[in-house]
Amino acid sequence: MSSLQEGDLILRGTRAPSRLQAARGTEESAQGAEKPFQQVMDVSTGDPHRAGMKPVSFVRQVLAACVYPKLLDEKSLPLDARQRANTLLGVCSGRSVGSYSATAYGIPYVCKSVTEFIMRRDGGVSSNPEDIVISSGSTKTLLMVLHLMASGEGETRTGVLTPMPCPHTLPTLLNMAGLTLVPYQLLEDQGWAVELDELHRALRTTRGHCSPRAIYISNPGNPTGHVQDRKSIEEVIRFAATEGLVLLADEVYQDSVYGQGKESLSYKRVLFEMGKEYSKKVELVSFHSLSSACMGECGLRGAYMEAVNLDPAVMKYLRDAQAPSSPPVLPQLALEVMVNPPTPEDPSYKTYSQEILHSMTTLSQNAQRACEFLNDLSGIKCQPARGGIFLFPRLHLPPQMVEEAKMLGVEADVLYCQRLLEEEGVRLGAGCENGQVDPNFHIRLCVLAPSDTLDEILARLHSFHLRLLERFP
Amino acid sequence: MKKLDSTVLARRANQIKEELRQKLRKPYKQVIDLYWGNPHAAGVKPLSFVRQVLAACLYPDLVKSNTLPVDVRQRAQSLLGECAGGSVGSYTDTAGIPEIVHRISEFITKRDGGAPSDPENIYISPGSQWSLRNILKVLVNSQASPRTGVLTPWPCYPITNFTIKELGGVTVPYYLSEEQGWELQVEELHRALDSAKGLCNPVTLYVINPGNPAGYVQSRKTMQEVIRFASEKRLSLLADEVYQECVHGEKSEFLSYKRVLSEMGPPLSDTVELASFHSASKGFMGECGLRGGYVELVNLDPDVMKCIYKLFSTDSCAPVLSQIALDLMTNPPQPGDPSYPLYSEETQHIKTMMVHNVKRVFEVLNSLPGFSCQPVEGGGFAFPRLHLPPKAIQKAKEMEMEPDLFYCMRLLEEAGVLVQPGMENGPKEGTHHIRFCIITPEDTMEEMLSRLSSFHTQFMKDFS
C-alpha cells in the first residue's frame, strides 16, 4: 500500500545480510530435504555457547539468585555467589531485576565496578564512573556514538576510517547511521598488522569525498586475531591526534590474548602512558561487552563504553540517550560480575579460575591447530592469530568457481560457504561480509568451541575442500 | 531536543530520595514514586513461575535438583533445548527463537478467537519501544517534503510523540473526549486529518488500547470505525496494546485490533496495514527491567517487510531471557500443572489489587473539589483532571512552569509523592492533568491517596 512505500530511502540501498537468505533458507531445508549430516555446526559468528562452550558457573549462579531471590537461601549455591546476588539486588529498584533502573546510563554501582576493573587493568590509570555508559549490547552502544557523529551529505558526509577486514556487522551499522565507510587495508602478510602509511593513504584519498571524523579499530582484531603491540597502538593514537579523529576502539576480546610474548594492552593505558600531550587531547571511546571470549554471553546483551576526552555536552547526550528508559537490568549485573570476578580468597575462585583457564587453553590450542590444518590445505592460507576468537583464512579459489559465482550473482566466498553448508552442514562466514572484496576471498570461523567440535568442523571442511579441488583441478 | 520537559521533577525526586537515605528530616519517610509504569519498583511482586523458569534457564543445574517445581524444570529444559548450545548466552535468529515466535502466534490466534497469525510476521524485540521505533523508521521518511505525519491521540504516551519527532516526522493530535470516558470519536479523526492538510503528509494512525495515560478500553464499534477510517484514508494502523492484560471495568473487554480487523472480513481484513505491539513490561508480569516485547505485522508490502528485517537485524536479536519471558507470558501454567495454583493466586491478587486501586482512585479524587476523574476501565494509569485556581496558574506562570508541573513539584516537595504532569502527554489548552501508575500494592495506593488528598486540600486553600 502506498503509505508504507514512502519509507526511508536509505534502507533500500542497504545490502541484506547474507543471514537473511541463510536463516529463512535453512528453515526450509530443515523441513524434509534429505541431508548428509545430522545437525548444522555454526561457527560463523562469535557465539561460543552455540558451539558448545559452557558459561562461567559463578556468573550464572549469581544471575539465577538475582532472578529468583529465594535461591539466596539455597545451600547448593556457593556462599559467595549468593552474597554477590544479595549485594546486586540491593542496587535494583524494589530489589527486582524487573524494575526500570533509575538512571539511563547504567546502574551507578555497576559503573563504579567497571571503573575499578579498568584501573586494575591499566596499572592505576584513573577511570571515572561518569565516563561509563552501559547499554544492551555493543551494537547499541556503538550506534549511540555513531549517530552522534552522523551529519552531512556527499562531500560533507561524516566518514569513519574502518579496517579491512572489519567485524562483519560493522558495514551495515555505518550505513544505517548514515556514515561513510573509509577503508584502510590491514596487512595480511604481516598477520593483519596496521600500517601507518595505509592510514595516511586512506585519509588522503577520502578527502573531498567525505568528512572523516573517526577511526575505528578492533584490538584484538575481529576477525583477524591480530594483537597490536605498544608501538602500533601509539602510532594509531598519534595519527588520530594529528588528524583530529575520534578513536573508536573495539576491545571486546581484550580477555583473549594468547599468542606467545603478546601482552594485552588497552588503548586507554597506552594513551595515558604517552603523556599529557596526548592523554588530555585524544578523544577515545573504548567498547567492551558480555560477548567477550571468557564470558561468551552474547544472548544476554550487555555492553559498556568508556569515553575519554569527549566534550561534556556530548557525554551528557550519551548518558541521556536511553532516557527515559534504562538498559535491561540483568545484563548489567552480569557485567558487574564479569569485571569483578571471584578473587583467590573466595570459595568460588577455584572453579572460576579453572573454567577460565580451560576456555583460554581451548582457544589458543584450537587457534594454533586450526591454523596449521588450514595451511596444509591447498588453496587456503591462514595467518596465525594471537588473540580474539576468529581465524580469517584466505581462499585461492579456482577460476571456474569464481565464474560460477558471478553467474549466480553472489560473491565466490559466499558460494563457498553456501556449498559447504549444503554438503557438510558447516556454517562459516563469508569474508565479503567483513569487507574483503574480489579477488581477496576469505572465510571466517570462530575457533572458540569444544576441541572435538572444532576437529569435526575441520574434518568436514577438509572433505568439502578436497572435493572442490577435484571438481576444479 | 529534550525527551521530557519534567526532568527537573525527576532530578528533584532523586535528590530528595538521596536526602532521605541520608536521614535528612522531612514530613515523610519515603517518596511514593508512581511516575512510570514500574510495578516492581512500586512494590508489586514478580510472578514466581516466571522467575523460577528464568533462574533454571540461567543456571541449568537447577533443572536437575529438586529445589524447583517439576513443571518449572520441564519448561526450562524444553526452552534450553530451543537455545543454541543449550545456553541463554547464544545469539538467536533476528526475529527471535523460532519455536517461541511460533508459540506467540498460537497465543495470538487463541486470544483472537481463531483469527490466524503467521509467525513470519512476528518480531521479538528488546522492549516494545524498540520495535515501534523501527516500524516508525520505515514509515517516516526523514527526507520527505512535506514531512511525514502520524496521527497520535491526546493524551498520548510521551515517548511515542518524541520518537516521531526525532525521526523527522510530525505528530498530528486527535483529541479523545474526556467527558465521554475518553471516547475516540471518528469525527475527531476526520478533523485531525483535515488539519494536517498543507502541513504534512499523514501516513499512519497510532492508537493505544487499553489507553495510556487515559484509562479507557475501546469498544468494538469504535475500533471498527477506526479501521474503516484508516482504510478510507489509506493510513496504516499502529496499535499499542501493551496494557491488554489490564482491564478493570466489569463491563470492559479487551479486543485486539487484529481480531476486530479479521472479523470485519475482506476486503478490509486483507488490505488494512496493521502493526500491533505487546510487551512483558506491563500486565501481570511487570518485568520492565527485562525488556521484552513483540510486534505482529499484518498486510504489509513484502519489500517493506524486508526493510523491517534489515532494521531489526542490525542489533542481532532481543536478549534471550526477554524472549523466554514473553514465552512465559503467552504460555502460562494451565490448570493441572503443579505451578498453576500459585500462579493463579498471584495473578488474581494483582488483578484484584488493580480493580481495588482504580475504584479507590475514582472515589477519592472525585470527592475532592478541584479534581475530576473518569472511571479507569483499563491500562496501568489514572489520568485525573486538575481544575486549578487562577492564582495557582498565575504563580506557575511566574515560575515559568506549566501549571501541572508546578503542582507536581509542590506535591513532591511537600508530600513526597511523585507523579507525572499531564503536559508530558501532549498539550491541550486550558486543561491540566496528572498521571500516576495504579499497579501498586493497595496500601501504597491508599497512602498515596491520603497524602495527595491532604496536599490537594491545602493547595486549593493556599491559592483560593
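B:Trp182 is buried, with a relative accessible area of 3%. In this predicted model, B:Trp182 sits in the loop between strand S4 (170-175) and helix H8 (186-195) of chain B. Its backbone also deserves a glance: B:Trp182 has a positive phi of about 65 degrees, although it is not a glycine.

**Other backbone features of chain B**

- B:Lys23 is another non-glycine residue with a positive phi, about 65 degrees.
- You will find B:Lys23 in the loop between helix H1 (7-21) and strand S1 (32-33) of chain B, and it counts as exposed, at 72% relative accessibility.
- The peptide bond from B:Trp154 to B:Pro155 is cis, with omega near 0 degrees; B:Pro155 belongs to the loop between strand S3 (148-154) and helix H7 (158-166) of chain B.
- B:Asn209 and B:Pro210 are also joined by a cis peptide bond, with omega about -5 degrees, and B:Pro210 lies in the loop between strand S5 (201-208) and helix H9 (220-232) of chain B.

**Where chain A meets chain B**

- The contact draws on 66 residues from chain A and 71 residues from chain B.
- Together the two chains bury about 5700 Å², with 57% of it on carbon and sulfur atoms.
- There are zero salt bridges between chain A and chain B, while 19 residue pairs are in polar contact across the interface, both residues being at pLDDT 80 or more.
- Several helices of chain A each supply at least two residues to the side that touches chain B, among them H3 (18-30), H8 (138-149) and H15 (329-339).
- H5(A) provides the largest share of that side, seven residues.
- By residue class, the side of chain A that touches chain B divides into 28 nonpolar, 24 polar and 14 charged residues.

**A closer look at B:Leu58**

- B:Leu58 is part of helix H2 (residues 48-58) of chain B and is buried, at a relative accessible area of 0%.
- Not counting residues up to four places away in sequence, B:Leu58 touches residues of chain A including A:Arg60, A:Leu63, A:Leu300 and A:Leu330, and in chain B it touches B:Val88 and B:Leu321.

**Nonpolar cores**

- In soluble globular proteins, nonpolar side chains tend to be buried together.
- The largest nonpolar core here has 190 residues, and those touching the most other members are A:Leu333, A:Tyr416, B:Val88, B:Tyr407, B:Phe436 and B:Met448.
- Leaving aside neighbours within four places in sequence, B:Tyr407 has contacts including B:Phe371, B:Leu386, B:Ile434 and B:Phe459.
- Apart from that core lies another, of 67 residues, with B:Ile135, B:Leu205, B:Met305 and B:Phe312 among them.

Technical notes: Residues numbered from 1 in each chain as written. Chains lettered and ligands numbered in written order. Predicted model: local features only at pLDDT ≥ 70, side-chain atom pairs only at ≥ 80, totals over all residues. Heavy atoms only, no water. Contact = heavy atoms within 4.5 Å. Buried area = accessible area lost by both parts, 1.4 Å probe. Salt bridge = Lys/Arg side-chain N within 4 Å of Asp/Glu carboxyl O. Polar contact = N/O pair within 3.5 Å; in protein donor to acceptor, adjacent residues only side chain to side chain. Helix = DSSP H or I, 4+ residues; strand = E, 2+ residues; numbered from the N terminus. Nonpolar A, V, L, I, M, F, W, Y, C, P; charged D, E, K, R; others polar. Core = buried A, V, L, I, M, F, W, Y, C linked by side-chain atoms within 4.5 Å. Buried < 20%, exposed > 50% of the residue type's maximum accessible area, 1.4 Å probe, protein only.
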